[in-house]
Amino acid sequence: MTLQSQAVSDFQKATQHYIAGLPLDRGAWLTDHRWSAVTRFSDLGFPDKRQEAWRYTSIEGLLKQGFVTSDSDMEVVGTEFEHHFLDGPTAGRVVFVDGAFQPSLSDTHVPGVRINNLRSAMETSDLETLKSVGTLSGPGTHGFSALNMATMRDGALIRVSAGLRLDAPIDLVSISTSSASGRAMRPRHLIVLEQDAEATLVERYLSTSDNAYFTNLVCEVLLEERASLVHQRVQQESPSAYHLADLHIELQADASYRGVNLAIGGAWSRTKIGNSFAAPGASCELHGLYLAGEGQLVDFHLDVDHGVPGCDSRENFRGILYGNGRAVFDGRILVQKQAQKSSAHLSNANLMLSRRAEIDTKPQLEILADDVMCSHGTTVGQIDPQALFYLRSRGLSEERARRLLCLGFASEILEQFESGSLQDHLAELIQQKIGSETKGAS
Amino acid sequence: MLRIRDLRTSVEGKEILKGIDLEVKAGEVHAVMGPNGSGKSTLAHVLAGRDGYQVTGGDVEFLGQDLLDLEVEERAHKGLFLAMQYPVELPGVNNLTFLRESLNAVRRARGEEEMDAVGFMKLVRRKADEVKLDHKLLKRSVNAGFSGGEKKRNEILQMAMLEPRLAILDETDSGLDIDALRTVADGVNMMRSPERALIVVTHYQRLLEYIEPDHLHVLAGGRIVHSGGKELAFELEERGYGWLLEENAA
Ligand SMILES: Nc1ncnc2c1ncn2[C@@H]1O[C@H](COP(=O)(O)OP(=O)(O)O)[C@@H](O)[C@H]1O
Ligand SMILES: [Mg+2]
């Protein structure tokens with residue numbers, strides 16, 4: 001048996017076992033969904049390199065690691081999690097540790113915002129909340145997301161009431177501890193903003209260990225008419241972790257979504273963001289910054305679908321690569337025939353700090369309408385020697401000068417994390433990460 | 001303070017500086033003039049330590065040390081400053097952060113304490129006023145989208161902050177209107193002190209009406225072909241460089 005088919009059969013068994021073992025009061029409502037996802041998984045298997053979307057991103061290491069065991073009730077090790085919370089005022093906090101919701105660490109009482117978690121919604125058969133789960137993702141677009149649907153256990157369910165404007169961010173943080181070692185966590189989040197609602201959601205994945213584990217996550221975002229969401233995402237997993245995120249966004253008329261993604265952790269990470277416009281007048285901005293160093297792979301796939309007229313999309317991603325780090329950037333924009341008066345712009349810039357680093361960047365614009373404004377641009381470059389000389393001639397060491405230039409390169413994206421203290425914190429993380437790499441080109 | 005002896009420099013195999021001799025003492029202001037392409041910027045860059053220039057002969061002593069042996073930042077630490085003809089834009093690098101980092105790097109090297117945020121802000125505001133740099137530009141990215149005049153004022157601000165022992169200004173006056181020119185000249189005159197020397201590279205005699213140099217040198221074809229006092233500027237204004245080049249060729 002090949003690694004692939006062995007893995008498929010292992011996962012099938014484990015998944016069927018998992019579902020069959022679920023108590024009736026825990027997720028019975030979703031059992032149909034789960035079984036259809038199992039069928040889906042059997043049909044799809046795991047993605048492989050023959051599929052264009054996975055051409056540069058091998059899952060072999062991930063399958064070898066196994067991660068067949070998913071998150072069951074693990075003992076939460078350590079109790080000091082508060083310092084991971086966002087600074088400053090928040091409009092609610094949802095904390096997961098090793099995949100499980102932590103009521104004592106969370107703050108779900110925000111007037112006008114319904115904050116729940118998937119597990120308790122399943123336990124109480126809260127159909128009103130659950131009915132939207134999976135509407136965007138379906139049973140899964142590849143084997144991993146099908147497994148997420150089949151065995152999902154917990155996640156955040158957030159609904160912001162019509163017309164409500166939150167002036168502080170919602171803090172959604174998932175922390176992995178050493179107990180997560182060797183396991184898969186399959187969180188599933190659902191974020192709904194009703195008509196005219198405005199909110200900021202900060203969604204982070206952190207780790208207190210450097211163990212290997214697998215976050216296999218699906219997040220669905222539904223914005224109703226004129227709703228507006230700022231979605232700030234940080235992937236800062238353990239250096240040995242695997243992280244796979246599928247983000248589905250749907251925008252109703254005149255809704256606006258602005259997302260910023262920072263990928264800095266993990267040994268292997270892949271984020272797929274799919275956006276579809278359901279009605280005219282909506283806008284979607286996706287920003288991102290990825291760093292990949294020695295032994296790391298980071299992959300972003302964007303899929304923006306203009307299926308209706310009069311929507312705007314803008315993607316701006318930047319990458320810093322060093323050591324033998326590898327990154328994949330795949331930005332696909334489809335403007336369908338009927339989607340006149342669309343505007344779609346895509347840009348991807350990469351800063352290579354080492355000759356051994358690798359980037360595969362592939363903008364794909366498929367434009368079938370004729371009355372549109374579209375552009376794309378991709379760059380791969382090194383640190384500008386003139387800029388380096390300028391800084392050094394003012395007394396900065398070469399290392400310090402390189403760091404400052406890297407941060408300068410990143411700043412356009414970091415600014416999208418509006419909070420000053422979060423920006424400072426992330427800038428500090430970036431400096432630590434690239435620290436020794438800036439001593440000289442290798 | 002600075003002694004250049006028979007300095008020869010090539011760029012991409014082509015000899016640009018063909019034996020420069022120059023001595024600058026503390027307290028002096030030297031002007032360097034000369035036609036385009038004569039090697040003025042090359043000389044300034046070699047002194048500041050920029051890559052890509054091969055020194056093929058001669059030596060440079062700065063404050064008793066072999067200057068050419070030092071790294072770029074070490075030269076800055078020792079008190080060398082180059083205001084560049086084309087200041088580099090650094091998108092995303094905040095001007096204040098940059099100024100503070102360089103000031104503290106130079107202070108550390110001098111064995112002084114780093115300046116705290118409050119002290120730094122006071123100082124930078126005062127100096128920015130002196131060089132008439134809009135405070136808004138302090139919060140922006142270094143030189144990014146600055147006008148030509150703003151970039152040059154920003155160079156003068158850096159010089160005023162770092163208080164170098166030897167400042168080289170490479171055509172800081174080029175492309176400036178008369179107001180900006182006066183500001184630059186005032187900035188330079190403010191820096192004049194018995195402990196400090198300045199080398200002002202300029203294309204125009206205009207600047208020298210405001211900054212009176214002690215010595216004036218004409219650089220042509222990679223050599224200093226003539227040296228004199230400030231009155232030489234007026235002669236050059238009237239007669240151009242032609243007569244010097246002919247004299248030199250003869
Ligand atoms: N980086 C470079 N590569 C190739 N040629 C150069 C470079 N820098 C300067 N030069 C050449 O060296 C000569 C002197 O240039 P420069 O020092 O800039 O003159 P100036 O500042 O007096 O106008 C010119 O012929 C110029 O073309
Ligand atoms: Mg020049």
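A backbone N or O atom of B:Gly39 sits 3.0 Å from an oxygen atom of ligand 1, a polar contact in the sense of a pair of N or O atoms within 3.5 Å. Keep in mind that this is a predicted model, where local features need pLDDT of at least 70, side-chain atom pairs count only at pLDDT 80 or more, and totals for chains, interfaces and linings use all residues. Residues are numbered from 1 along each chain as its sequence is written, chains are lettered from A and ligands numbered from 1 in the order in which they are written, and side-chain values use heavy atoms, with hydrogens and water left out.

**Ligand 1 and its shell**

- On its own, ligand 1 exposes 560 Å², and the protein buries 63% of that (areas by the Shrake-Rupley method with a 1.4 Å probe).
- Strand β2 (14–24) and helix α1 (40–48) of chain B are the elements that give two or more residues to the shell; helices here are DSSP runs of H or I with at least four residues, strands runs of E with at least two, numbered from the N terminus.
- α1(B) supplies the largest share of that shell, 3 residues.
- Residues around ligand 1 (a heavy atom within 4 Å of it) include B:Val11, B:Glu12, B:Lys14, B:Pro35 and B:Lys40.
- By type, the shell splits into 3 nonpolar, 6 polar and 3 charged residues; Ala, Val, Leu, Ile, Met, Phe, Trp, Tyr, Cys and Pro count as nonpolar, Asp, Glu, Lys and Arg as charged, and the others, Gly among them, as polar.

**Cavities**

- There are 6 cavities of 30 Å³ or more in the structure, a cavity being a set of points on a 1 Å grid over the protein atoms alone where a 1.4 Å probe fits but cannot get out.
- The largest cavity holds about 110 Å³ of space, the volume being what probe spheres set on the points fill.
- Its lining (residues with an atom within 4 Å of a point) includes A:Arg114, A:Glu128, A:Arg159 and A:Val192.
- β5(A) gives the most to this lining, with 3 residues.
- The lining of the largest cavity comes out as 4 nonpolar, 2 polar and 3 charged residues.

**A:Phe389**

- A:Phe389 belongs to helix α7 (residues 385–392) of chain A.
- A:Phe389 is buried, at 6% relative accessible area (buried means under 20%, with a 1.4 Å probe and protein chains only).
- Its C-alpha atom is 8.7 Å from that of A:Ala401, 12 residues apart along the chain.

Note on methods. 1 Å grid on protein atoms, 1.4 Å probe; cavity = no way out; pocket = protein on both sides within 12 Å on 5 of 7 lines; lining within 4 Å. Polar contact = N/O pair within 3.5 Å; in protein donor to acceptor, adjacent residues only side chain to side chain. Buried < 20%, exposed > 50% of the residue type's maximum accessible area, 1.4 Å probe, protein only.
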